[in-house]
Amino acid sequence: MSLSVKHGVAIVVAGEAGQGIQTIESILTMVLKRSGYHVFATKEYMSRIRGGSNSTLIRVGHERTPAHVDRIDVLVPLDDNALEHLASRISRETMIIGERENLQTLHDLLDIPFSGLAEKAGGKIYANTVAIAALLGILEGELNLLEEYLSDRFEKKGKSIVKGNLEAARLGFQAGRELRSSGKTSFDLKKNPETANDILISGGAAVALGAISGGCNFISSYPMSPGTAVLNFMAHHDSQFGIVVEQAEDEIAAVNMALGAWYAGARAMVTTSGGGFALMEEGVSLAGITESPLVVHVGQRPGPATGMATRTEQGDLDLVLHSGHGEFPRIVYAPGSVEEAFQLTRRAFNEADRYQVPVFVLTDQYFIDSYCSVPALDTGTADIEDHTVRTLADYKRYAFTEEGISPRGIPGFGEGLVCVNSHEHTEEGHITEKIQMRNRMMEKRMGKLDPIVRDSVPPTLIGPEKYRVLVICWGSNYHIVAEAVSLLGKDDIAVLHFSQVFPLPPETNELLERAESTIVVENNYTGQFARLLKAYAGLDTGHSIRQYNGRPFCFEALAKKILRLARKGDRK
């Protein structure tokens, strides 16, 4: 089978930790975006300070293509190890650009002496700037935009540093243009003026901005990759947005601080990964019986235990679904795009406040560490919903109401006593073991599920309304699966993406039953979402495509697997 792959240029820069790969990525993507291209970048790196072999993938093009791709059109290896590390992705069409002195074993190399040109500019410290500018020259980016960016970025380091970077940029850009004019490189890239007002944003920043836009004013966490990206963003902007940021002594303290903050009237969040969240489960259960709002961001990475700390997986869905002892309702979101991450995290605060339940935002390392150009987000806080009440003297924290949700008071806001309790309790919050009260309280708490389902976020259908095959995915696989199915060009295959994975939206059964054949795509070994669909939608979800090697799917290989299973058909 041969599939035609277009969609812009895929550039990979690779080398060992400490060689400045992330600096190249951040500057090059920003300047390419400003030059009129859509960009997407994602990285893979090892959990070590130095050594190993890391890489960053940058996709550049006229259209948005925010998905991981296996293909490499341009490779910039900073050492020989990078070639070995990426050997399976290098093809005859891959153009390799680098400096001969570091890549002596490579015959088909387009030599640009990064270090030599950097020396001319003032020192080897400018080698990465040469590399950035050379790529910009090859891709017909704008040198003046790079110069502006470098001047701003290095202004605080002094005039000589700015001057050296500008000279390095000029020399590198010239080298890249010479490669292009000589015919050794040629990319037919069209610019898109619509990118002018776009922003570059990562998944981690989108979650953090969504939280801020949702009124989050307290975050307490213990650092753990990849969830730490959200904590870092909030800490960096705490003064700007009036956020209390607390790095707790451990995860148990962090989640209990967040519960205390909600009790006191704040809108609080914790961010962690699966290993850290395992320690938070007791706090989640406490939120369940105290009917406290709580927003938890979990950035998944491969386990068990430390697993592969800097890689990606969708292996913690079951953990989040079943976290905490006892039975109580919860909501789980799994955004598929940075826009969704922003919107759903903002929504999480309103839903947590409205229903007084834990709300989870489930992402993963691939999603958190990837970023792309998107239209500017509406960061206004106009739709923040405050569901707290001023208490009266006869206030009952757990009062039975017609709608099933007790008014939530804040200590000191009104005349009433706000008594919460981790034991089973009466309407006033006092301990009880009476059978009738236990039954009524359980029914009150679990009764929230019905309105939560009615308010749920529907899945997104991509492709024909009349489909024969339905490819189902959730979370970060949104763009990868959509691009894979688009590549197939079949008018009977559609994609169904779930960004709310629990409780399942009411449309689920009808959408699945319309398909003759279904394929569930997810990054785990056991098919956790397929199992969830079967348990709650009562349907056999047929075929599965699962990957659990710590890497995201790439859409080319995924397209071939989908096509093979689609031809088989049958699932029921």
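This is a predicted model: local features need pLDDT of at least 70, side-chain atom pairs count only at pLDDT 80 or more; totals for chains, interfaces and linings use all residues.
**View 1. The largest pocket and its lining**. This pocket has a volume of about 830 Å³ and is lined by 22 residues, of which Leu200, Ser202, Ala205, Phe233 and Tyr371 lie nearest its centre. Helix α1 gives the largest share of the lining, five residues, while β7, α7, α8 and α14 are among the elements that each supply at least two. By residue class, the lining divides into twelve nonpolar, seven polar and three charged residues.

**View 2. The second largest pocket and its lining**. About 470 Å³ of space lies here, and of the 28 lining residues, His68, Asp70, Arg89, Arg551 and Pro552 lie nearest the centre. Elements β2, β3, α14 and α20 each supply at least two lining residues, and the lining comprises nine nonpolar, twelve polar and seven charged residues.

**View 3. The salt bridge between glutamate 483 and arginine 59**. The closest N and O atoms of the pair are 2.9 Å apart. Because glutamate 483 lies in helix α17 and arginine 59 in strand β3, the pair ties together parts that are 424 residues apart in sequence. Both glutamate 483 and arginine 59 are buried.

**View 4. The salt bridge between glutamate 351 and arginine 354**. These side chains meet at 2.1 Å, N to O, and both residues lie in helix α13, three residues apart, about one turn of the helix. Glutamate 351 counts as buried at 4% relative accessibility, whereas arginine 354 is partly exposed, with a relative accessible area of 22%. Salt bridges that share partners join Arg347, Glu351, Arg354 and Glu385 into one network.

**View 5. The salt bridge between arginine 180 and glutamate 140**. The closest N and O atoms are 3.2 Å apart. Arginine 180 lies in helix α6 and glutamate 140 in the loop between α4 and α5, so the pair ties together parts that are 40 residues apart in sequence.

Key:
Residues are numbered from 1 along each chain as its sequence is written. Side-chain values use heavy atoms; hydrogens and water are left out. On a 1 Å grid over the protein atoms alone, a cavity is a set of points where a 1.4 Å probe fits but cannot get out, and a pocket is an open set with protein on both sides within 12 Å along at least five of seven lines; lining residues have an atom within 4 Å of a point. Grid points are joined across faces, edges and corners, and a volume is the space filled by probe spheres set on the points. Helices (H or I, at least four residues) and strands (E, at least two) are DSSP runs, numbered from the N terminus. Ala, Val, Leu, Ile, Met, Phe, Trp, Tyr, Cys and Pro count as nonpolar, Asp, Glu, Lys and Arg as charged, and the others, Gly among them, as polar. A salt bridge is a side-chain nitrogen of Lys or Arg within 4 Å of a carboxyl oxygen of Asp or Glu. Buried means under 20% relative accessible area, exposed over 50%, partly exposed in between (1.4 Å probe, protein chains only).
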